[in-house]
Amino acid sequence: MLTVQSKYASHLKLIRLAFTNIKFIRSEQPITCRELNIGIKRNISKENNSSAKVTLQAQIYAEDKSLELEITMIGFFELDAPEHLDQKLIDTIFEKNTLSIMFPYLRSQISLISTQPGMPPIIIPPININNLVDDKET
């Protein structure tokens, strides 16, 4: 693996990423729905101030039940030098930065899965991670 050294390197490191569940169902009929619904859930479990397991799940579906996609991914992260950071910053890094790192992988996987004959691929627009974290319903 090639690595790039930067003076802007993050204290947060993605150790491993895995898609643990992918479910894709579509009807036999052409999909006529042009707008889909999406639900995003996340769970962050810190093992200590230097590591966390983050689960990100998206459910995308058409109201007419012609399409359903559920995908779950897990990321394992480590934080270098947490003793030099205050607790509020550590919590923010784990709550926001981990999701910012994972979300592009989720978007890409959804587009890949949905690139099927007879249907346009699903393109998830960029989201505001701050709003996602602040939304208590996710």
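Mentor: Some ground rules: residues are numbered from 1 along each chain as its sequence is written, and side-chain values use heavy atoms, with hydrogens and water left out. As the model is predicted, local features need pLDDT of at least 70 and side-chain atom pairs count only at pLDDT 80 or more, while totals for chains, interfaces and linings use all residues.

Trainee: In what order do the elements of the protein chain run from the N terminus on?

Mentor: Helices (H or I, at least four residues) and strands (E, at least two) are DSSP runs, numbered from the N terminus. The protein chain has 2 helices and 4 strands. Starting at the N terminus, the order is β-β-β-β-α-α.

Trainee: Is Ser 51 buried or exposed?

Mentor: Ser 51 sits in strand β3, residues 51-61. Beyond its neighbours within four places in sequence, its contacts (heavy atoms within 4.5 Å) are Lys 46, Phe 77, Glu 78 and Phe 94. Buried means under 20% relative accessible area, exposed over 50% and partly exposed in between, with a 1.4 Å probe and protein chains only. Ser 51 has 14%, so the call is buried.

Trainee: And Thr 55, which class does that one count as?

Mentor: Thr 55 is also part of strand β3. Not counting residues up to four places away in sequence, Thr 55 touches Lys 41, Arg 42, Asn 43, Thr 72, Met 73 and Ile 74. Its relative accessibility is 21%, so Thr 55 counts as partly exposed.

Trainee: How far apart in space are Thr 55 and Phe 76?

Mentor: In sequence, Thr 55 and Phe 76 are 21 residues apart. C-alpha to C-alpha, the distance is 9.0 Å.

Trainee: What is the relative accessibility of Thr 98?

Mentor: Look in helix α1 for Thr 98. Leaving out residues up to four places away in sequence, Thr 98 touches Leu 12, Ile 44, Val 54, Phe 77 and Ile 93. Thr 98 counts as buried because its relative accessibility is 0%.

Trainee: What span should helix α1 have, and where is its kink centred?

Mentor: The expected span is 1.5 Å times one less than the number of residues. Helix α1 has 28 residues (87-114) and should span 40 Å, which agrees with its end C-alpha atoms being 40 Å apart. The bend at a residue is the angle between axes fitted to the seven residues ending there and the seven starting there. In α1 there is a kink of about 30 degrees, centred on Ile 93.

Trainee: What is the phi of Lys 65?

Mentor: Lys 65 lies in the loop between β3 and β4 (67-79). Lys 65 is exposed, because its relative accessible area is 74%. Lys 65 is not a glycine, yet its phi is positive, at about 65 degrees.

Trainee: How far apart in space are Lys 7 and Leu 132?

Mentor: Lys 7 is in the segment before β1 (12-26). With a relative accessible area of 73%, Lys 7 is exposed. Lys 7 and Leu 132 are 125 residues apart in sequence, and C-alpha to C-alpha they are separated by 29 Å.

Trainee: Back to the protein chain: what percentage of its residues count as buried?

Mentor: The C-alpha trace spans about 55 × 40 × 25 Å along its principal axes. Among contacts with a separation of 6 or more, 68% come from residues 24 or more positions apart. Of the 138 residues, the share that count as buried is 31%.
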